[in-house]
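Student: I have a new structure open and would like someone to walk me through it. Could we take it slowly?
Tutor: Gladly; here it is.

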Amino acid sequence: DASTRSSAASVWGSYEGAVSRAPTASEVSWNGTQWVGVAGGETDRVKQEAGAGVASGLGHGVPGAASPVAGEVSGPVNAQALLECHYSVNGAFLRGESALLRNVDRIRHLPCVMVQGQLDFVCPMRTALDLKSTWPEAELRLVPGAGHSMYEPGITHELVSAVEQMETLF
């Protein structure tokens, strides 16, 4: 039903926003054993906004807006949540674990620029490094201090640069 879908999309949006961008020093600290959240940091803000019906950080870091009805989530939030759920449930539309790595010869002839945030917790850097080792012709751009969100300045810069590079090839 719409209420359940809206509630689930709101929770998903909050989680997605929290993990898609790299944390700042004011949001996390190292206690000698593990990274821990700092009170008043981004994690607290995301929790507060989610509780108020605001879908924060939707679509990999795009700032959301409060719904006119408390607790409801706007159409784009539901759409993004459904899209990612469908993608995940279908195994990224790949045939089994490591399908891309096993079949890279089918696309090796295509130009490729991979942009990878150093602090991407959604798609860890190991995956990009594995693909690069299997596809040495591809270009890998590692972005220091960036997470997963295409809206982080370093990621945005590299994505635009990659598109401009591709324009010169075609």
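Predicted model: local features only at pLDDT ≥ 70, side-chain atom pairs only at ≥ 80, totals over all residues.

Student: OK, so which strand does S3 pair with, and in what sense?
Tutor: S3 pairs with strand S4, which covers residues 139-143, and the two run in the parallel sense, joined over five bridges. Within that pairing, Val 115 stands opposite Arg 141 in S4.

Student: And is S3 mostly covered or mostly open?
Tutor: S3 is mostly covered, as four of its five residues are buried.

Student: Let me step back a bit. How many helices and strands does the protein have?
Tutor: The protein has seven helices and four strands, and from the N terminus on its elements follow the order α-β-β-α-α-α-α-β-α-β-α.

Student: What share of the residues is buried?
Tutor: Of the 170 residues in the protein, buried ones make up 29%.

Student: New topic: pockets. What volume does the largest pocket have?
Tutor: The volume of the largest pocket is about 1,100 Å³. Its lining is made of 32 residues, and those that lie nearest the centre of the pocket are Tyr 87, Ala 92, Leu 100, Cys 123 and Thr 127.

Student: Which elements give two or more residues to that lining?
Tutor: They are helix H4 (75-89), helix H5 (99-102), strand S3 (113-117), helix H6 (125-134) and helix H7 (153-169). Seen by domain, the lining draws at least three residues from each of domain 1 (1-20 + 78-93) and domain 2 (101-168).

Student: How does the lining split by class?
Tutor: The lining of the largest pocket has 17 nonpolar residues, together with eleven polar and four charged ones.

Student: Why does Ala 92 count as partly exposed?
Tutor: Ala 92 counts as partly exposed because its relative accessibility is 23%, and that class lies between the buried limit of under 20% and the exposed limit of over 50%.

Student: And Cys 123, is it buried or partly exposed?
Tutor: Cys 123 counts as partly exposed, at 33% relative accessibility. Cys 85 is partly exposed too, with a relative accessible area of 43%.

Student: How many disulfides are there, then?
Tutor: A search of the whole structure finds zero disulfides.

Student: One last thing: how far apart in space are Arg 108 and Trp 135?
Tutor: From C-alpha to C-alpha, Arg 108 and Trp 135 are 6.7 Å apart in space, although they are 27 residues apart in sequence. Arg 108 has its place in the loop between H5 and S3, and it counts as partly exposed at 23% relative accessibility.

Student: What about Gly 154 and Pro 144, how far apart are they?
Tutor: Those two are ten residues apart in sequence and 7.9 Å apart in space, again C-alpha to C-alpha. Gly 154 lies in helix H7, where it is partly exposed with a relative accessible area of 28%.

Technical notes:
Residues numbered from 1 in each chain as written. Heavy atoms only, no water. 1 Å grid on protein atoms, 1.4 Å probe; cavity = no way out; pocket = protein on both sides within 12 Å on 5 of 7 lines; lining within 4 Å. Points joined across faces, edges and corners; volume = space filled by probe spheres on them. Nonpolar A, V, L, I, M, F, W, Y, C, P; charged D, E, K, R; others polar. Domains from an automatic or database assignment. Disulfide = S-S within 2.5 Å. Buried < 20%, exposed > 50% of the residue type's maximum accessible area, 1.4 Å probe, protein only. Pairing = 2+ DSSP bridges.
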